[in-house]
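The sequence and structure come first.

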Amino acid sequence: MLTALYVPANRPDRFAKAVASGPDLVVFDLEDAVPVADKVDARGWAVAWVAAFKGSTAIEVRVNAPGTPWIEDDLAALAAVPAVRIRLPKVESADDVRQVLQQVPSARITALIESPLGLERAFEIASADRRVVAVALGEADLASSLGVDGPEGLAWARGRIVSASRAAGLGAPMLSAYPHVKDEEGLRRTCLEGRALGFVGRTAIHPRQLPTIVECFTPSASQVADAAALLAAVAKAGVADGGVIVLPDGRMVDPAMLGRAHELTTLMQEIESRQN
C-alpha cells in the first residue's frame with residue numbers, strides 16, 4: 001500500500017467520496033476527528049457502512065484509545081464485522097493489542113505508537129500477534145510527549161519504527177500524515193525524507209494529498225531499471241546463492257544486495273497492477 005486516507009466517521013456524506021478518491025486504504029476515524037457528542041452516531045454510521053461495503057478498497061476503523069469511555073462499545077460493534085481492520089491508537093504494550101484481539105478475534109490490527117513508552121516497546125508491539133499487520137507512528141502526540149519540534153526531532157523515532165516493523169516481518173511501514181493540506185511542497189519534501197528513512201507510502205488527511213504521495217513513493221524509472229539489470233546479471237552469472245560479480249558500471253554485487261532489488265521490482269509491479 002502506498003496511500004491511506006482518513007475520513008471523520010461523523011461525516012457519512014464523505015465515506016463513498018473517500019473511497020472514490022482512490023487510496024489503497026480508507027480509515028474511518030472514531031477517535032480524534034470526532035467530537036464527544038458525535039461518538040455514538042459516528043460509530044453507528046461507520047460500522048454499518050463498513051459491514052455493507054463490497055468494494056476492493058481496504059477499509060480500516062480507528063477506534064478510540066484504550067482506557068477511554070468509548071473503546072468497549074467500539075469493539076463490541078466491530079466484533080460483528082468479519083475480518084475487520086482496526087487501527088488502534090496510543091498503543092503502549094503488546095497487552096494493549098492482545099486485549100483488543102480477545103474481544104475481536106477476527107480483527108487485523110494496525111498499532112499506532114504515540115508515546116515514548118510505546119516507542120521503547122515498538123518491536124514488542126509489532127510482534128505481539130500474527131494479527132498485527134502494521135505499526136505506525138502518531139507523530140503529533142509523540143512529538144508533544146518527546147518535547148521535540150520538526151522532523152529532525154522525530155528522525156530517531158521514525159527510524160525505530162521502520163526497524164521494528166521490518167524485524168517483526170511486517171515490511172516497511174507507512175509514514176504519518178502531513179497536517180498542512182495546502183502545502184504541497186512541504187508534503188513532497190517530507191515524503192522524500194520518509195522514503196529515505198525506509199517508509200513506503202503515507203497516510204493522508206485530504207484527497208488532494210494522494211497524487212503527491214504516490215509520486216514520491218513510486219520507484220523511479222532508473223531505480224527499476226537498475227534493479228532489473230542487477231537481478232538479470234546475478235541470474236546470468238548464477239551467483240544468487242553465493243559469490244560476487246562486477247557489473248559493467250563497476251559495482252560489486254553479491255546475494256546480500258538482492259533483497260532491495262526484489263523489493264523495488266515487486267513494489268513497481270503492485271503499483272502497475274493497481275493502475276490497471
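## Annotated domain

In this predicted model, residues 4-207 are 43% helix and 17% strand. The range comes from UniProt, where an unreviewed entry lists residues 4-207 as "domain: HpcH/HpaI aldolase/citrate lyase".

## Nonpolar cores

The largest nonpolar core contains 63 residues. Phe28, Val63, Ile86, Val97, Ile109, Ile161 and Phe217 have the most contacts inside this core. Helix α8, residues 150-167, gives the most to the core, with 5 residues. In soluble globular proteins, nonpolar side chains tend to be buried together.

Beyond its neighbours within four places in sequence, Phe28 contacts Val7, Phe15, Ala46, Trp49, Val50, Ile59, Glu60, Val61 and Arg62.

## Two loop residues

Asp24 sits in the loop that runs between α1 (15-20) and β2 (25-29). Its relative accessible area is 15%, so Asp24 counts as buried, the cut-off being under 20%. Leaving out residues up to four places away in sequence, Asp24 touches Met1, Leu2, Thr3, Thr57, Ala58 and Arg274.

Pro105 belongs to the loop between α4 (94-103) and β5 (108-113). With a relative accessible area of 49%, Pro105 is partly exposed; exposed would require over 50%. Pro105 and Arg260 are separated by 155 residues in sequence and by 34 Å in space, C-alpha to C-alpha.

Terms used:
Residues numbered from 1 in each chain as written. Predicted model: local features only at pLDDT ≥ 70, side-chain atom pairs only at ≥ 80, totals over all residues. Heavy atoms only, no water. Helix = DSSP H or I, 4+ residues; strand = E, 2+ residues; numbered from the N terminus. Buried < 20%, exposed > 50% of the residue type's maximum accessible area, 1.4 Å probe, protein only. Contact = heavy atoms within 4.5 Å. UniProt positions renumbered as here; feature names shortened; annotations may be inferred. Core = buried A, V, L, I, M, F, W, Y, C linked by side-chain atoms within 4.5 Å.
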